[in-house]
Amino acid sequence: MKKPKNLNLYAQSGYRSYERQESIFAYYVERSGEEKASRVSANAGHSEHQTGLAMDVTTPEVNFQLVTSFEDTPEGQWIKENAAQFGFIIRYPKDKEKITGYQYEPWHLRFVGKEPAKVIHEQGLTLEEYLGFE
Ligand SMILES: [Zn+2]
């Protein structure tokens, strides 16, 4: 593994309680209606963040926001190439919205363990495809 230089990665969101997820979802519904909300956020009880196995990462380059342009930053590139070595996958990949039910989220990492992460990464799968749900 090449040693990364000067990367500024920040965990912006990790474990969330049911109540916290409920208020986040309510915020999106308020802002853009239930249909749009369900594509960018999970209903309480349905978020991976409630499992403690998901983490949103970001960088000062995108003002600590969770935006798709994160993928173009050195941090986003590093995550894309190296997360699997640590057992993490980009859970909602680009162009897989129909399978995952979520828009592309280059910042949302899910811990699945090193072996599954390696296969998922190398074969360009979603977790659903890896588990045989698709
Ligand atoms: Zn997330």
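Student: Why is Phe88 called partly exposed?
Tutor: Its relative accessible area is 22%. Buried means under 20%, exposed over 50%, and partly exposed in between (1.4 Å probe, protein chains only). So Phe88 counts as partly exposed. This is a predicted model: local features need pLDDT of at least 70, side-chain atom pairs 80 or more, while totals for chains, interfaces and linings use all residues. Residues are numbered from 1 along each chain as its sequence is written, and side-chain values use heavy atoms, without hydrogens and water.

Student: What makes Phe88 and Phe111 an aromatic pair, and of which kind?
Tutor: Rings of Phe, Tyr and Trp (its six-membered ring) pair if their centres lie within 6.5 Å; planes under 30 degrees apart are stacked, over 60 edge-to-face, the rest tilted. Here the centres are 5.2 Å apart and the planes at 70 degrees, an edge-to-face pair.

Student: Which parts does the pair tie together?
Tutor: Phe88 lies in strand β3 (residues 88-92) and Phe111 in strand β4 (residues 105-111), so the pair links parts 23 residues apart in sequence. Strands are DSSP runs of E, at least two residues; helices are runs of H or I, at least four; both are numbered from the N terminus.

Student: How do you know that the buried residues of α4 share a side?
Tutor: In helix α4 (residues 114-123) they are Pro116, Ala117 and Ile120. They cover an arc of only 100 degrees around the axis, so they sit on the same side of α4. The arc is taken from the directions from the helix axis to the C-beta atoms.
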